[in-house]
Amino acid sequence: MAWLQGSALGHAMRESGVWTYGVVNLAHILGIASLFGSVLILDLRLLGLWRGVPLPAITNPTVRVARLGFGLALITGISMLATKATDYAGNPFFYIKFPAIGLGLLNVAALNFSRAWKEHKTRDLSAREQSRLAVFGGLSLVCWLTAISCGRMIGYW
Ligand code: HEM
């Protein structure tokens with residue numbers, strides 16, 4: 001944390017004007033909104049809503065927007081962290097938020113390895129495969145909702 005705070009990024013965040021942190025925070029929220037907005041639609045579809053809509057019609061746009069949103073949240077989040085990293089050392093929400101993000105990413109990795117996900121664009125899935133995807137969707141919602149809740153609470157500790 002001390003290294004990050006003392007890095008060139010930390011100096012740039014603190015010394016490049018009063019609006020910098022606010023604008024980066026705004027971009028963080030836009031990243032989170034894009035990530036969670038798309039993940040919510042995707043996960044609800046995996047959980048069984050809107051079965052009339054073919055799965056690829058939902059996965060194609062939502063996965064792209066979620067990736068972009070995560071990339072933006074990652075870059076802006078590290079920048080905000082660098083501003084005053086050592087202040088977060090005793091914040092319990094900090095220690096819940098990052099494992100939640102880690103688990104969310106592990107869940108995405110496991111989903112990508114599953115046969116149902118790999119083949120959902122080329123054939124109809126069996127009921128059993130759809131149930132497996134629903135488990136990934138449920139876990140995903142829990143992880144990202146936890147990350148958002150703890151991210152918001154960090155500032156109030
Ligand atoms: C991946 C790297 C990320 C880092 C390093 C990071 C870091 C940060 C930092 C330092 C803050 C400011 C906390 C404060 O002092 O108020 C923040 C705010 C926040 N973060 Fe992140 N974050 C990351 C990703 C995410 C993701 C993926 C989510 C949600 C899915 C998220 C949700 C939030 C929320 C809701 C806030 C509060 C914004 C506000 O109300 O001003 N963050 N984050």
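## Overall fold

Helices, which are DSSP runs of H or I with at least four residues, and strands, which are E runs of at least two, are numbered from the N terminus. Read along the sequence, this protein follows the pattern α-α-α-α-α-α-α, with seven helices and zero strands. The model is a predicted one, in which local features need pLDDT of at least 70 and side-chain atom pairs count only at pLDDT 80 or more, while totals for chains, interfaces and linings use all residues. Residues are numbered from 1 along each chain as its sequence is written, and side-chain values use heavy atoms, with hydrogens and water left out.

Along its principal axes the C-alpha trace spans about 55 × 25 × 25 Å. Of the 157 residues, 37% are buried, meaning under 20% relative accessible area with a 1.4 Å probe and protein chains only.

The iron atom of the ligand has two protein donors (N, O or S atoms within 2.8 Å of the metal, or 3.2 Å for Na, K and Ca), namely His28 through NE2 and Lys97 through NZ, at 1.8 to 2.1 Å. His28 belongs to helix H3 (residues 20-46) and Lys97 to helix H5 (residues 92-113), so that the pair, 69 residues apart, links distant parts of the chain. Both His28 and Lys97 are buried.

## Nonpolar cores

A nonpolar core is a set of buried Ala, Val, Leu, Ile, Met, Phe, Trp, Tyr and Cys residues joined through side-chain atoms within 4.5 Å. The largest has ten residues, including Leu42, Ile58, Trp117 and Phe136, and the elements giving two or more residues to this core are H3, H4 (55-83), H6 (115-119) and H7 (127-154). Apart from it lies another core, of nine residues, among them Leu35 and Ala147.

Methods. Buried means under 20% relative accessible area, exposed over 50%, partly exposed in between (1.4 Å probe, protein chains only).
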